[in-house]
Amino acid sequence: MGTTQGRDIAIIGGGIGGLTAALAFARHNAKVTVYEQAPALTEVGAGLQITPNGARALNALGIHNDLAAAGVTAQAVVPMDVVASREITRFDLTGQTPPYRFYHRAALIDILARACEAAGVTVKLGARIADLNADGSFTAGGEVIRPAMTIGADGLHSVVRGLINKPAKPFFTGQVAWRAVIKSDKADPVARIWMAPGRHMVTYPLSGGRLNIVAVQERSQWADEGWNHADDPGNLRMAFADCGWEVKSILGEVEQVNLWGLFRHPVAEKWHAGSVAILGDAAHPTLPFLAQGANLAIEDAYVLARSCDEAASLDAGLQDYQSKRRARVVRAIEAANKNAKNYHLSGVQRSVAHTGLRVMGKFAPSAFLNRLGWLYDHDVTA
Ligand SMILES: Cc1cc2nc3c(=O)[nH]c(=O)nc-3n(C[C@H](O)[C@H](O)[C@H](O)COP(=O)(O)OP(=O)(O)OC[C@H]3O[C@@H](n4cnc5c(N)ncnc54)[C@H](O)[C@@H]3O)c2cc1C
């Protein structure tokens, strides 16, 4: 026990995955430094759904009180008929333990950053790491750093992934997505999925009287990958112009919106080499159709720290980490890939699917959650 105790662990990237890993290693008494390229630890102004599987790992790291205070507890997932502005059915989430919650990303980052600071983690900001070597050493602030382990939590365009894997080419899925946050005091604590032919939109409330919006449209044109491309809100309204009054009234409130292209990336073959490991989007970028990218990054971080701490050697710990994680991650990503198709049906297929949802909601309401039991009931802390 205690393989990582007192050892230097360097984490490249201070997003949700990197900060969770920093906290998890610090709880095993490692000496952790996070290198983040941005000048401050922050996140884009958007929401995040943390499902019970991710919440279990975060709670086990001792931040449950802060999480409960910052999140909105979800009561249901509600598929909506966009044309009639009518609920198709309602799948209850109130029995979930720990609760399924909606967060503002910046609030979650803030909770993690404060917990890291209290646990003795050092965070170096404005530290973009570009020259990583195969032995895990790199230069930061003109100094050569040689940690016992280097973790790439550097997201979608990871440099660490490229060091231990062959280059892989992502492909455009034929879908673009907008995200926006509007003021809304009246929103119920539910995730609404507004389904229309070739499009869908997900809305859920955030603390402070806000509503988070992610809208997806099928398109043949390519759009840039990455979150921060501003678009004209009029384009978003136009994409849903034939929908019912409720969608129109929500989109009518949008003042600022970002648009980006959705790409599929293969899951990395190798998640570690020597003393270097990757986690979260660096290992497996995910389409946002199952709300699992951050949840999986959190699970990865927890398992990585524990496997490395409990194994007889770092190498054995890293092997244990990949063997515990990869198959689950592949399954989650495949499930997310399938969801977009189900949301975008048209014609007869759409009517049949909506009837199926109505029947399930009426006669077998637990079937929806039972189908996701493998995802939400998983407990990496067990
Ligand atoms: C619209 C949308 C909605 C989503 N909704 C959900 C949801 O509801 N639930 C969910 O679980 N997931 C969701 N996701 C996915 C989730 O946002 C990501 O999977 C998650 O943020 C990945 O976390 P990460 O820490 O691995 O990477 P990131 O959050 O990308 O963090 C990487 C960090 O590394 C830093 N960095 C990068 N390169 C370097 C470098 N060379 N040197 C130093 N620092 C570097 C970056 O600045 C960044 O801070 C959603 C995604 C999208 C696009």
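**From sheet to ligand shell**

An open sheet is formed by 3 strands in the order E3-E8-E4, with antiparallel pairing, where strands are DSSP runs of at least two residues (E) and helices runs of at least four (H or I), numbered from the N terminus, and where two strands pair if DSSP finds at least two bridges between them. Because E3 and strand E4 (72-73) stand at the edges with a single partner strand each, one side of each is left without a neighbour in the sheet. The model is predicted, so that local features need pLDDT of at least 70 and side-chain atom pairs count only at pLDDT 80 or more, whereas totals for chains, interfaces and linings use all residues. Residues are numbered from 1 along each chain as its sequence is written.

E3 and strand E8 (residues 101-104) pair in the antiparallel sense over 4 bridges, and the bridge partner of Gln49 in E8 is Phe102. Helix H4 (residues 105-118) packs on the sheet, touching E3 and E8, with contact meaning C-beta atoms, placed from the backbone, within 7 Å.

Around the ligand there are 35 residues, the closest being Gly13, Gly15, Gly155, Gly280 and Gly293; a residue is near a molecule if its C-beta atom, placed from the backbone, lies within 6 Å of it. Among the elements that give two or more residues to this shell are strand E3 (47-50) and helix H8 (293-310), and H8 gives the most, with 4 residues.

Elsewhere in the description, Ala21 touches Ile11, Ile151, Ala153, Leu279, Ala301, Leu304 and Ala305, not counting residues up to four places away in sequence.

Conventions
Two residues are in contact if their C-beta atoms, placed from the backbone, lie within 7 Å. Axes are lines fitted to C-alpha atoms, for helices over the stretch in contact, and angles run from 0 to 180 degrees between N-to-C directions.
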